[in-house]
Amino acid sequence: MMDRRNLLSGLAAVAAGWPVRSWAATPTRFRVESQRLALRHTWTTTMSSSTHRDVIYFLLSRGAHSGIGEGAPIARYGESADQAQKLSGEIGAVLNDGADLMQYRKIVGQLHQRIPGQWALKSALDIAIHDWVGQVLDVPLYKLLGLDPLATPLTTFSIGIDTPEVTRQKVKEAEAYPVLKIKVGLKTDEATIDAVRSVTKKPLRVDANEGWKSKDEAVEKINWLEKQGVAFVEQPLPAHMLEEMNYVRKRVHIPVIADEASLHPADIPKLAPYFDGVNMKLDKCGGILEALRMIEMAKALGLKTMLGCMVSSSVAITAAAHLSPLVDYADLDGNLLISNDPYVGVTVEAGKLILPSGPGLGLKPRAA
Ligand code: MG
């Protein structure tokens, strides 16, 4: 029999337009929301330039607990917030009232089978279910995964492509972060790095985002970057150019990390002969469980591991941060790049990721 609290929350859900799956069992309610995040600085990489980023939130509620997840749909992979909204029927078929959400591996597996593509949506779903399970068990996500919260790595702070003047300003604003990630991949690379080096001696990592188009250009740039104190380079060549990486790696001394080529678990063995490490993003692989698969596979193949992110709020970044004790490098700064984050979760102290200790993701609404 439904208790009064469930009845009231069910009525509130109907009033709010949430799909209520059933009145007979404890109802599972969910909705997909679109959220526009405002960037502090216009964000430019080799791929695009923008002042905002649209993400989706997946809100899930069952019984006294609710969970939230976030994903950033990527147009390159045919994803959009609109398409995610249209999949409520498919999601409801899996998240029905008979589904035992505590068996979250099975449930997430069913969602992956049922919904082709839409990795950002699947990531939002997977994160929300983990958040919910953590709250039901009253444990933070890192504990649910058996991880040491003190073993988080430093996160880099990313500097998007800009004029030398603005680049210098951004580097100064990033004073609190001990390691910077500099976006390159255009004709302006030398000017960008010169601008960075004119104001800081910090360790640098560089992300070319597939921007260099030939193996010789990549070799030349990487060797120049090494002399500027760059520790490693992400995705120097377009994702499909694998064989060329053999040529590049024989002629450079710093590690090269795959990113745009590293989307799903099955990509890892294909990349292993050509890269020193792999970057992984929840939005691209489809969530926490797939990311765990990628991390373990990469480690088994002797690759360095890195967790990256899209421009996102603290929901997605905190989810990834809970996994970060497993990886060598973190680039989890998407929430630091925006000005209207609705939540507080993971924080950064002297570059180190500090995990919240509350149950699930451990998020709190940001005070206005
Ligand atoms: Mg990258």
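The lining of the largest pocket in this predicted model draws at least three residues from each of domain 1 (4-138) and domain 2 (144-365), with domain bounds taken from an automatic or database domain assignment. Local features need pLDDT of at least 70 and side-chain atom pairs count only at pLDDT 80 or more, whereas totals for chains, interfaces and linings use all residues. Residues are numbered from 1 along each chain as its sequence is written, and side-chain values use heavy atoms, with hydrogens and water left out.

The volume of the largest pocket is about 700 Å³. Among the 33 residues that line the largest pocket, Trp43, Met47, Ser48, Arg53 and Met310 are the closest to its centre. Two or more residues of this lining come from each of strand E1 (28-44), strand E2 (49-62) and strand E5 (180-183). E2 gives the most, with four residues. By class, the lining of the largest pocket has twelve nonpolar, eight polar and 13 charged residues. Pockets and cavities were found on a 1 Å grid over the protein atoms alone: a cavity is a set of points where a 1.4 Å probe fits but cannot get out, a pocket is an open set with protein on both sides within 12 Å along at least five of seven lines, and lining residues have an atom within 4 Å of a point. Grid points are joined across faces, edges and corners, and a volume is the space filled by probe spheres set on the points. For the classes, Ala, Val, Leu, Ile, Met, Phe, Trp, Tyr, Cys and Pro count as nonpolar, Asp, Glu, Lys and Arg as charged, and the others, Gly among them, as polar. Helices (H or I, at least four residues) and strands (E, at least two) are DSSP runs, numbered from the N terminus.

The second largest pocket has a volume of about 260 Å³. It is lined by 16 residues, of which Ser66, Gly67, Ile68, Asp131 and Gln135 are the closest to its centre. E2, strand E3 (65-71), helix H5 (119-137) and strand E15 (364-365) are the elements that give two or more residues to this lining. Nine nonpolar, five polar and two charged residues make up the lining of the second largest pocket, and at least three residues are drawn from each of domain 1 and domain 2.

The C-alpha centres of domain 1 and domain 2 lie 26 Å apart. In total, 41 residues of domain 1 are in contact with 49 residues of domain 2, contact meaning heavy atoms within 4.5 Å.

The structure holds one cavity of 30 Å³ or more. The largest cavity contains about 50 Å³ of space, and residues of its lining include Lys281, Asp283, Cys309 and Met310. Helix H12 (282-285) and helix H14 (314-323) each supply at least two lining residues, and H14 gives the most, with three. The lining of the largest cavity divides into six nonpolar, two polar and two charged residues.

The axes of helix H9 (residues 215-227) and helix H10 (residues 243-250) come within 9 Å and cross at roughly 35°; axes are lines fitted to C-alpha atoms, for helices over the stretch in contact, and angles run from 0 to 180 degrees between N-to-C directions. H9 passes H10 in a right-handed crossing, that is, the near helix is turned clockwise from the far one by less than a right angle. Lys215, Asp216, Ala218, Val219 and Ile222 of H9 make the contact with Glu244, Tyr247 and Val248 of H10. These residues divide into five nonpolar, no polar and three charged.
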